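Hello,

Here is the structure I promised to hand over. Please look through it first, then read the notes below.

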Amino acid sequence: MNDLSVHFEGVSKKYPHFSLDNIHLELPAGSIMGFIGANGAGKSTTIRILMGLVHQDTGSVRVLGHTMPAAQAAAKLDIGFVSEDMRLYCPATLAWHMKFMRPIYPRWDQKYAEELARRFDLKLEQKIKGLSHGQRVKAALLLALARRPRLLVLDEPTTGLDPVARMEVLSELMAVLADEDRTILFSSHNTLDVEQISDQITFIDRGKIIDSDDKEAFLDRWRRLRLVLPADGVVPRLPGVVAVGGSGRLPVLTTNRFDPAMVSVCTDQGATVQAVDTMTLEEIFVANVHSRRERLTA
Amino acid sequence: MNSSMVKSLILKDWYFQRTAILLALAGGVVSLGIIAFGGQPGFTLGLILLVTIMVMISAMSVMGNVLGERENQTLAFAMSLPISYLEYTTSKILGNLLIFVPFWLIMVAGCVSLIVAGPTIHGFFAFAIIMAVEMLLSTCLLIAVALVTESKGWSISAMVAGNLALNVVGYLVAHIPGIQRGLFGTKIYWNLTATVLVVIEFALIALLLGGAFFIQSRKKDFI
């Protein structure tokens with residue numbers, strides 16, 4: 001329990017047209033979690049509850065050992081937060097923001113802030129209103145990182161960026177993350193972004209956590225099996241099959257519990273395994289969401 | 001209460017309102033000059049100008065510091081700092097009052113000095129004090145409504161209501177026998193009626209700001 005940076009237990013929040021339902025979430029210290037969900041899935045609500053900006057109706061939230069939302073001020077001293085809808089003060093410069101934040105955070109690292117400004121190609125005396133969207137995101141990241149937070153919470157930081165700016169932000173983010181151990185929660189609907197920096201993945205859909213695991217475990221246990229069935233053959237019964245696609249004698253099985261032994265099981269049941277395809281995180285996410293939604297509507 | 005954090009937020013708000021504060025101070029000094037040296041027409045004109053500047057500085061401060069945070073999407077940044085929402089509320093109430101009240105005190109002191117030192121308008125003293133506190137009350141109404149509703153529409157309504165109330169209260173106060181009696185006299189006039197009215201105004205200010213704190217403390221969604 002003590003080495004969990006974030007611990008949600010049975011957290012619910014009800015709005016007139018949306019509910020966050022019974023969220024259990026554990027983020028061990030030192031890990032980087034990608035928090036993936038479609039638009040409106042509940043990522044931002046979950047993160048706002050984590051930050052104490054929205055109060056949960058039920059359940060408990062502990063962040064860095066602090067009970068939220070009651071101890072949010074103490075918790076936020078150790079959290080760096082950047083969200084897609086966060087803006088800095090337009091009439092002020094980045095240097096003003098740094099000067100403003102320096103006395104607030106005891107671990108504020110001015111040298112590191114200046115180094116990040118160089119790395120991010122940001123001019124300290126330029127007003128925020130003169131920065132591009134990509135530069136503003138980098139400026140917000142700089143201000144979050146220079147406080148040397150124990151927990152970094154990034155809520156869709158790359159949303160709205162053009163592909164070049166997105167890659168720049170991500171590559172620079174990865175470079176600074178390589179500097180030291182940090183606990184990070186990175187939310188996005190873009191699985192490619194999340195895949196690049198995360199070691200843990202959590203999927204959320206329609207207000208519910210639908211799956212959570214190590215990234216490698218996800219990539220290892222999800223497979224697509226392309227089969228050829230004999231003329232009167234039936235689709236083999238395999239564990240963890242979440243979708244059966246293809247057609248007729250050429251079914252495509254998607255499983256979330258792949259085991260190499262499945263190939264021989266298929267062969268034993270008369271099917272020919274044409275291919276065992278690995279799946280991208282995006283394919284895994286989409287298959288996961290579809291199978292859950294189908295189960296709910298069934 | 002993290003007072004150093006509250007202080008940082010207040011200083012930040014002052015920094016962003018510094019031009020408006022300086023312009024209002026300059027305008028206020030010009031108004032006092034018109035009141036002092038403009039004769040009877042100058043007294044009326046200067047007073048209207050002074051009231052207009054007070055309304056403007058309270059509106060600009062609240063619109064910029066309270067509603068602007070949400071409109072410009074800087075609220076998420078402010079709330080990512082190590083503060084609770086009550087500390088944020090405290091900083092907004094104190095910050096806006098500390099922008100308005102010093103200006104208000106200087107202008108009221110200047111205005112009262114001119115009334116006291118002027119040749120014929122001494123009787124205006126009690127009325128001026130009551131109306132000055134009424135202006136402070138209007139500003140507190142605007143701060144409370146802006147904080148609680150976070151809505152431009154409601155805040156503008158509160159501003160309009162405050163300004164209308166200024167006229168209505170002015171008319172009513174001027175017609176209260178206890179005030180009317182000395183209004184146009186040549187002596188400084190203060191009585192129990194004036195004291196009661198000022199106490200009621202300060203009680204309403206306390207009620208508005210206390211109410212804003214209470215409602216803010218019960219809010220569950222801040223962004």
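**What turned up**

In chain A, helix H1 is followed by Gly52(A), whose phi is positive, near 80°. Helices (H or I, at least four residues) and strands (E, at least two) are DSSP runs, numbered from the N terminus.

This is a predicted model: local features need pLDDT of at least 70, side-chain atom pairs count only at pLDDT 80 or more, and totals for chains, interfaces and linings use all residues. Residues are numbered from 1 along each chain as its sequence is written, while chains are lettered from A and ligands numbered from 1 in the order in which they are written.

Back to H1(A), residues 43-51. Nine of its nine residues are buried (20 or more other C-beta atoms within 10 Å of the residue's own, with C-beta atoms placed from the backbone; exposed is 12 or fewer, partly exposed in between). Among them are Lys43(A), Arg48(A) and Met51(A).

Chain A and chain B meet. The contact takes 20 residues from chain A and 21 from chain B (C-beta atoms, placed from the backbone, within 7 Å). On the chain A side, H1, helix H2 (72-76) and strand E6 (79-83) each supply at least two residues. H2(A) gives the most, with three residues.

Arg206(A) sits in the loop between strand E9 (200-205) and strand E10 (208-214) of chain A. Arg206(A) is partly exposed, because 18 other C-beta atoms lie within 10 Å. Its C-alpha atom is 9.3 Å from that of Arg293(A), 87 residues apart along the chain.

Best wishes

Note on methods. Two residues are in contact if their C-beta atoms, placed from the backbone, lie within 7 Å.
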